[in-house]
Amino acid sequence: MNHSAPVFYQDPYQKVLTTTVSSIQDQNVVLAETIFYPTGGGQPGDTGHINASNGSQFTITNTRKDRESGAIVHEVSEAPLDLQPGDTVTVTLDWSRRYAHMRMHTCMHLLCSLIPCGVTGGALTADKGRLDFDMGNFDANKELLTQQLNALIGQAEPISIECLEASLLDTNPELVRTMSVQPPRGAGKIRMVRAGATDYQPCGGTHVANTREIGPVRISKIENNGQRNKRVVIVFSNGEKQ
Ligand SMILES: [Zn+2]
């Protein structure tokens with residue numbers, strides 16, 4: 001079965017897609033393929049619109065993966081009574097929100113490359129991101145990390161993605177940075193993301209193509225989160241003085 005093939009992996013910059021409806025249940029729509037990223041790995045599900053060929057429009061309020069079927073489900077704000085399986089529709093992403101997620105998500109990879117400790121959690125929104133580290137004795141300094149992050153962003157490094165055999169993770173467990181989340185392994189393959197010189201880890205999120213797209217950022221907070229854990233919060237600094 002081919003439910004909502006994830007076009008966002010082939011091209012995370014595609015903003016509009018014309019496709020067909022696979023199934024509809026109440027306010028949940030599954031498409032033959034999709035550019036909408038489903039909630040996962042700390043990155044929120046995408047929002048946007050579905051336009052039917054008869055002119056009616058529905059708002060997509062969230063995208064998620066169905067636990068049982070694995071299908072990517074688009075949640076719409078009202079039951080789309082006009083739509084039927086097989087109908088041609090055009091979906092449009094709320095691009096400014098998704099692009100902010102891509103920028104912040106990629107920035108969190110760069111932060112990983114600066115803090116040589118296990119990641120115990122993380123999440124992001126269109127405004128900020130947070131990563132929790134099992135920091136031990138590592139001395140994380142807000143100002144220094146802000147400088148280092150912006151330097152990495154300014155180096156304008158490409159982000160590269162490669163697919164490896166999933167069994168590689170069993171023989172190289174050090175590749176997994178996030179201790180609390182097992183990376184997704186689809187069809188025996190694992191998606192590896194390389195960001196900057198040192199960050200290389202499995203990841204199922206969406207990323208920008210080049211670090212320069214992230215723009216200026218600032219570490220707004222480093223706080224204790226339990227005995228050994230520290231929480232690092234990043235915000236876009238949007239031209240504010242650093
Ligand atoms: Zn990622």
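With which residue does Asp-46 form a salt bridge? The partner is Arg-98, with the closest N and O atoms 3.0 Å apart; a salt bridge requires a side-chain nitrogen of Lys or Arg within 4 Å of a carboxyl oxygen of Asp or Glu. The model is predicted, with pLDDT of at least 70 needed for local features and 80 or more for side-chain atom pairs, while totals for chains, interfaces and linings use all residues. Residues are numbered from 1 along each chain as its sequence is written, and side-chain values use heavy atoms, without hydrogens and water.

The domain assignment gives domain 1 (5-93) and domain 2 (98-236), with bounds from an automatic or database source. Their C-alpha centres lie 27 Å apart. Contact (heavy atoms within 4.5 Å) links 11 residues of domain 1 with 16 residues of domain 2. About 1,100 Å² is buried between the domains, 51% of it on carbon and sulfur atoms; this is the accessible area (1.4 Å probe) lost by two parts on being put together, summed over both. Tyr-9, Tyr-13 and Gln-43 supply 47% of the area that domain 1 buries against domain 2. One salt bridge is counted between the domains.
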